[in-house]
Amino acid sequence: ARRYPGSIVAIEGLNEIKFWPASYRGDKSFAGARAAQCELYRLVHKPASNLRDLPVIALTLGGASKRDHDELGDVSDCADIGNAHIYFDQRAPSASWDFARNLARQATARRATMAVTETGYSTSSGNKGVPEDIQAKYLLALAARALRENVPLTFFYQLVDDRKDPDWSYFLGFYRHDWTPKPAADAFHHFTRVLRGE
């Protein structure tokens, strides 16, 4: 942050603690994750921190239910911005955008602003993937919706496919594993040019 001012846009809490529980002072429960979120918030915003002006984004649960959110509780006092990870399998963006954001909002019920720090579509050949041309259309629809709803930060996961593997989560990239562009890469190239007025 000191060397490259403006290069960090936010500090995000723990990632998908239901799938990957983190240990905070020996506690791997949701209560431990909540305590870690509050400690992160305190450290980022302490007066001597060179990160103090950055927003702290809430942690995420991953594959969560209302019961999981009830167990986590409200961390509004330990986050400046709420957070959601939203994946759709083969469904259109409208299928679960509102549901997922509203569910995640329970973690920061007293914060009006919500980020989406992971969203995307897989192009795997299984039942969680879509064809590459559909991925491009759905991702553009997601971007348009996020802009229309003034979502301050939306991160598309991810830039490039991880590797050749049957798992759907390795095919979320805008580029294939060999860095050849999918239609989504071309679509977003043109989309960002339009947004810049070029």
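In helix α4, residues E132, D133, Q135, A136, L139, L140, A143 and L147 meet P183, A184, A187, F188, F191 and L195 of α5, where contact means heavy atoms within 4.5 Å. Sorted by type, the residues of this contact come out as eleven nonpolar, one polar and two charged. Keep in mind that this is a predicted model, with local features needing pLDDT of at least 70 and side-chain atom pairs counting only at pLDDT 80 or more. Residues are numbered from 1 along each chain, and side-chain values use heavy atoms, leaving out hydrogens and water.

How do the two helices sit together? The axes of α4 (residues 132-148) and α5 (residues 183-195) come within 8 Å and cross at roughly 30°. They therefore count as roughly parallel (angles under 35 degrees).

Now for the rings. A search of the whole structure turns up nine aromatic pairs, meaning Phe, Tyr or Trp rings (for Trp, the six-membered one) with centres within 6.5 Å; planes under 30 degrees apart are stacked, over 60 edge-to-face, and the rest tilted. One of them is Y121 with Y138, a tilted pair at 4.8 Å centre to centre and 45° between the planes. Y121 sits in the loop between β4 (114-120) and α4, and Y138 in helix α4, so this pair ties together parts 17 residues apart in sequence. Y121 counts as buried, at 1% relative accessibility (buried is under 20% relative accessible area, with a 1.4 Å probe and protein chains only).

F174 and F188 have ring centres 5.0 Å apart and planes at 75°, so theirs is an edge-to-face pair. F174 lies in the loop between β5 (154-156) and α5, F188 in helix α5, 14 residues apart. Both are buried. F156, F174, F188 and F191 form one aromatic cluster.

Notes: Axes fitted to C-alpha atoms, helices over the stretch in contact; angles between N-to-C directions. Helix = DSSP H or I, 4+ residues; strand = E, 2+ residues; numbered from the N terminus. Parallel < 35°, antiparallel > 145°, perpendicular 65-115°, else oblique. Nonpolar A, V, L, I, M, F, W, Y, C, P; charged D, E, K, R; others polar. Buried < 20%, exposed > 50% of the residue type's maximum accessible area, 1.4 Å probe, protein only.
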